[in-house]
Amino acid sequence: MNREHRYTISNLAELDDRLLNQTVQLFVEGFFKQAADLMKVGLETCADAFKHSFIKEHYYVALQDGNVLGLLAVSSGKERSHAFNKSILQQEFGFWKGSLVHYFLKKELQKPIHLNHEQCYIESVTTSEEARGQGVATALIQYLFEHLEYKEFLLEVVDTNVSAFRLYERLGFTVFKRKKAGFFDKKGGFNERWYMRRIRG
């Protein structure tokens with residue numbers, strides 16, 4: 001573990017099951033609240049369904065007073081940060097909902113990314129609601145810069161997430177590609193995905 005600012009940054013593989021559960025819950029709250037409402041399922045059900053998928057070595061969390069305040073994942077060209085079991089998702093959500101969830105999550109979080117050995121992809125960055133604006137995401141990303149030996153760090157942000165875009169700019173990321181949102185992305189409330197990178201100096 002390493003003390004960064006007011007937070008302890010740790011790899012999820014080093015943590016106990018209580019903190020894993022907190023990480024999964026924060027992940028669900030950050031990325032699946034709207035989908036859970038549409039599916040008419042609770043966030044606890046989503047957490048139970050997704051817990052198996054986390055490849056813990058790829059996740060980093062920010063801790064304070066023994067609680068998870070933020071998280072992010074790092075994927076490489078060899079492996080993404082999740083591996084979803086379709087049967088588990090169907091068991092938790094039912095056959096059709098589980099099949100649909102598996103299709104979209106596999107596409108977003110499990111599909112291989114074409115990266116070379118000097119590149120990594122930062123994803124699933126989120127902070128607990130009570131800790132937003134307190135430097136949690138900054139501490140997590142700075143930890144990666146200081147402790148991972150990649151030459152190039154990549155990430156994406158949607159055009160409507162202005163606060164995240166400004167944060168990444170402050171951390172030295174620049175936009176190198178824009179991609180128009182597809183039909184389902186637009187239903188999620190954004191028009192473009194912006195791809196950003198920071199190259200180690």
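A nonpolar core is taken here as a set of buried Ala, Val, Leu, Ile, Met, Phe, Trp, Tyr and Cys residues joined through side-chain atoms within 4.5 Å, where buried means under 20% relative accessible area with a 1.4 Å probe and protein chains only. The structure is a predicted model, in which local features need pLDDT of at least 70 and side-chain atom pairs count only at pLDDT 80 or more, whereas totals for chains, interfaces and linings use all residues. Residues are numbered from 1 along each chain as its sequence is written, and side-chain values use heavy atoms, with hydrogens and water left out.

**Nonpolar cores**

- The largest nonpolar core has 30 residues, of which Tyr60, Leu72, Leu144, Tyr168 and Phe173 touch the most other members.
- At least two residues of this core come from each of strand S2 (7-11), S3, S4, S5, helix H6 (136-147), strand S6 (152-158), helix H7 (162-170) and strand S8 (192-199); these elements are DSSP runs numbered from the N terminus, helices being H or I with at least four residues and strands E with at least two.
- H6 gives the most to this core, namely eight residues.
- Apart from it lies another core, of 29 residues, including Val24, Phe32, Cys46 and Val101.
- Tyrosine 168 touches Val125, Ile141, Leu155, Val157, Phe173 and Met196, when residues up to four places away in sequence are not counted; contact means heavy atoms within 4.5 Å.

**Helix H1**

- The 15 residues of helix H1 (residues 17-31) should span 21 Å at 1.5 Å a residue, and the end C-alpha atoms are 21 Å apart, which agrees; the expected span is 1.5 Å times one less than the number of residues.
- Aspartate 16 caps the N-terminal end of H1, with a side-chain oxygen 3.3 Å from the backbone nitrogen of arginine 18.
- Buried residues in H1 are Leu19, Leu20, Thr23, Val24, Gln25, Leu26, Phe27 and Val28, and what covers them includes helix H2 (33-39), helix H3 (43-50), strand S3 (59-64), strand S4 (67-75), helix H5 (95-110) and strand S5 (119-127).

**The loop between S4 and H4**

- Histidine 82 lies in the loop between S4 and helix H4 (86-93) and counts as buried because its relative accessibility is 2%.
- The side chain of histidine 82 makes polar contacts with the side chains of serine 53 (2.8 Å) and tyrosine 59 (2.7 Å); a polar contact is a pair of N or O atoms within 3.5 Å, one able to donate a hydrogen and the other to accept it within protein, and residues adjacent in sequence count only if both atoms are side-chain atoms.
- Serine 81, found in the loop between S4 and H4, counts as buried at 0% relative accessibility, and its side chain makes a polar contact with the side chain of glutamate 123 (2.9 Å).

Conventions:
Buried < 20%, exposed > 50% of the residue type's maximum accessible area, 1.4 Å probe, protein only.
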